[in-house]
Amino acid sequence: MKTSQGWRLGMKEMQILSAPRQRAQLKKPTWIIVLVSLVSLFLICAYVYPPQGSGACYVFSLNGCKGLSDWLPPAPARELTDEELASHVVTNEILNTPPVVPENPKIAFMFLIPGALPFEKLWDRFFQGHEGKFSVYVHASKDKPVHFSRYFVNREIRSDKVVWGKISMVDAERRLLAYALKETDNQHFVLLSDSCIPLRDFDYVYNYLMYTNISFVDCFEDPGPHGSGRYSEHMLPEVEKKHFRKGAQWFTMKRQHALAVMADSLYYRKFKDYCRPNMEGNRNCYSDEHYLPTFFYMLDPTGISNWSVTHVDWSEGKWHPKSYVRKDITYELMRNITSISENVHVTSDARKEVQINPCLWNGIQRPCYLFARKFLPEALDSLLQLYPNYTSI
């Protein structure tokens with residue numbers, strides 16, 4: 001009897017336990033759950049790792065294309081080639097060796113000109129009374145100039161042909177540096193063109209350059225066709241695209257940096273071979289605009305100012321900067337240029353991004369410019385009438 005009742009009870013319990021089976025038909029299809037899961041996973045991945053270089057970056061992620069990439073460990077450093085290792089060792093040794101300051105430190109003024117120096121009279125006034133504090137070097141690539149100023153007589157160095165946009169421009173710069181480095185009293189080196197004029201008096205320029213620990217080399221990143229668009233992958237592995245920089249060629253450079261430039265052959269050779277006009281794909285690359293900015297960005301980025309102390313006006317938006325003629329020369333013009341305390345870079349991409357930075361060194365914002373260029377010879381008389389008054393603005 002008990003067994004029979006137990007069996008009946010077990011059957012009832014089984015009926016109760018098996019009752020939910022009647023609702024199995026009400027369950028949602030499994031494929032819907034799987035689909036929702038996949039979509040959710042896709043959205044999460046798109047948010048965390050958004051696609052690079054796409055507008056989708058800003059749809060899926062509030063942080064744009066960065067996401068969590070900023071939190072990821074950096075990729076392991078590439079092992080240097082033998083040539084790179086040797087170059088870095090030599091450069092670091094030069095930069096880390098304390099400079100020997102002579103009793104009478106000088107500034108080397110290096111003029112890179114095709115022939116005549118139209119503003120020699122103006123430079124003569126600039127140098128007067130400061131003998132022993134400067135040296136002059138002239139690289140005349142076409143015609144031997146006739147000088148009237150005693151500061152320029154017999155100051156020509158061995159020169160060679162210079163073609164705009166080609167490596168010969170860099171060769172001339174290095175040649176000037178080599179000759180100027182032979183004089184151990186030269187501690188700072190200024191590269192000037194035939195259209196350059198001084199904006200300040202000699203004492204101001206001397207103190208500005210001598211009492212700084214940086215070189216005034218122009219350097220910025222331009223992602224457009226006239227910046228990174230000139231890069232060639234043939235420069236790999238030594239020069240990566242992310243390190244490719246641009247800047248005006250008119251520099252002032254401390255002695256350690258001048259020595260580092262002269263010691264370099266590896267990076268110079270890369271730009272000689274793979275940065276030149278009329279390269280593959282009708283690309284034009286100009287080594288005088290890229291070699292030194294890239295070189296210093298890679299080897300001593302904190303040792304340069306990232307702007308040139310030689311002013312030039314690109315506001316007209318043309319292939320060449322504005323030229324100043326006689327009627328342009330006014331006290332107001334000179335005051336406006338000498339009062340500039342921010343440097344401006346404009347990229348060549350579609351955004352035409354304007355990069356504005358204060359001219360800072362030694363933690364202090366200062367006037368940016370000591371020299372200016374693209375003055376035509378006809379402006380000389382007007383400049384002489386204003387000099388030296390405009391230099392003390």
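# A tour from the chain end to the salt bridges

Select Pro-388 to begin: this residue is placed in the segment after α12. Helices are DSSP runs of H or I with at least four residues, strands are runs of E with at least two, and both are numbered from the N terminus. The model is predicted, so-called local features require pLDDT of at least 70, side-chain atom pairs count only at pLDDT 80 or more, and totals for chains, interfaces and linings use all residues. Residues are numbered from 1 along each chain as its sequence is written, and side-chain values use heavy atoms, with hydrogens and water left out.

## Backbone stops

Display the backbone from Tyr-387 to Pro-388: this peptide bond is cis, with omega near 5°. A further cis peptide bond runs from Leu-236 to Pro-237, where omega is near 0°. Pro-237 belongs to the loop between β5 (215-218) and β6 (252-254).

Next, select Lys-374, in the loop between β13 and α12. Lys-374 is not a glycine, yet its phi is positive, at about 75°. Its relative accessible area is 25%, which makes it partly exposed; buried means under 20% relative accessible area, exposed means over 50%, and partly exposed lies in between (1.4 Å probe, protein chains only). Asn-278, in the loop between α9 and α10, also has a positive phi, near 60°. Asn-278 is exposed, with a relative accessible area of 66%.

## Disulfides

A disulfide is here a pair of cysteine sulfur atoms within 2.5 Å. The angle about the S-S bond is -80°, and the link of Cys-275 and Cys-285 is left-handed. Both Cys-275 and Cys-285 are buried.

How many disulfides does a search of the whole structure find? The search finds 2. Select Cys-359 and Cys-368, which form a disulfide with sulfur atoms 1.8 Å apart. Their link is right-handed, with 95° about the S-S bond, and both cysteines are buried.

## The nonpolar cores

Select Phe-109, Phe-111, Trp-123, Phe-127, Ile-197 and Leu-383, which touch the most other members of the largest nonpolar core, a set of 51 residues. The elements that each give two or more residues to this core are β1 (106-113), α5 (120-127), β2 (134-140), β3 (186-193), α7 (202-210), α11 (331-338), β13 (371-372) and α12 (380-386). Helix α7 gives the most, with 6 residues. A nonpolar core is a set of buried Ala, Val, Leu, Ile, Met, Phe, Trp, Tyr and Cys residues joined through side-chain atoms within 4.5 Å. In soluble globular proteins, nonpolar side chains tend to be buried together.

Centre the view on Phe-127. Leaving aside residues up to four places away in sequence, Phe-127 touches Phe-109, Phe-134, Val-136, Tyr-151, Phe-152 and Phe-202. Another core lies apart from the largest one and holds 41 residues, among them Ala-172, Leu-176, Phe-189 and Trp-250. Contact means heavy atoms within 4.5 Å.

## A mixed sheet

Show the strands β4, β13 and β8: these 3 strands form an open sheet in the order β4-β13-β8, with mixed pairing. The edge strands, each pairing on one side only, are β4 (197-198) and β8 (310-311). Two strands pair if DSSP finds at least two bridges between them. Strands β8 and β13 run parallel and are joined by 2 bridges. Thr-310 stands opposite Phe-371 in β13.

Which residues of α9 are buried? They are Leu-266, Tyr-267, Tyr-268, Lys-270 and Phe-271, and they pack against α4 (82-96), α6 (167-181) and α10.

A salt bridge is a side-chain nitrogen of Lys or Arg within 4 Å of a carboxyl oxygen of Asp or Glu. The structure holds 10 salt bridges.

Finish at Lys-106 and Glu-183, whose side chains meet in a salt bridge (2.7 Å, N to O). Lys-106 lies in strand β1 and Glu-183 in the loop between α6 and β3, 77 residues apart. Lys-106 is buried, with a relative accessible area of 13%, whereas Glu-183 counts as partly exposed at 23%.
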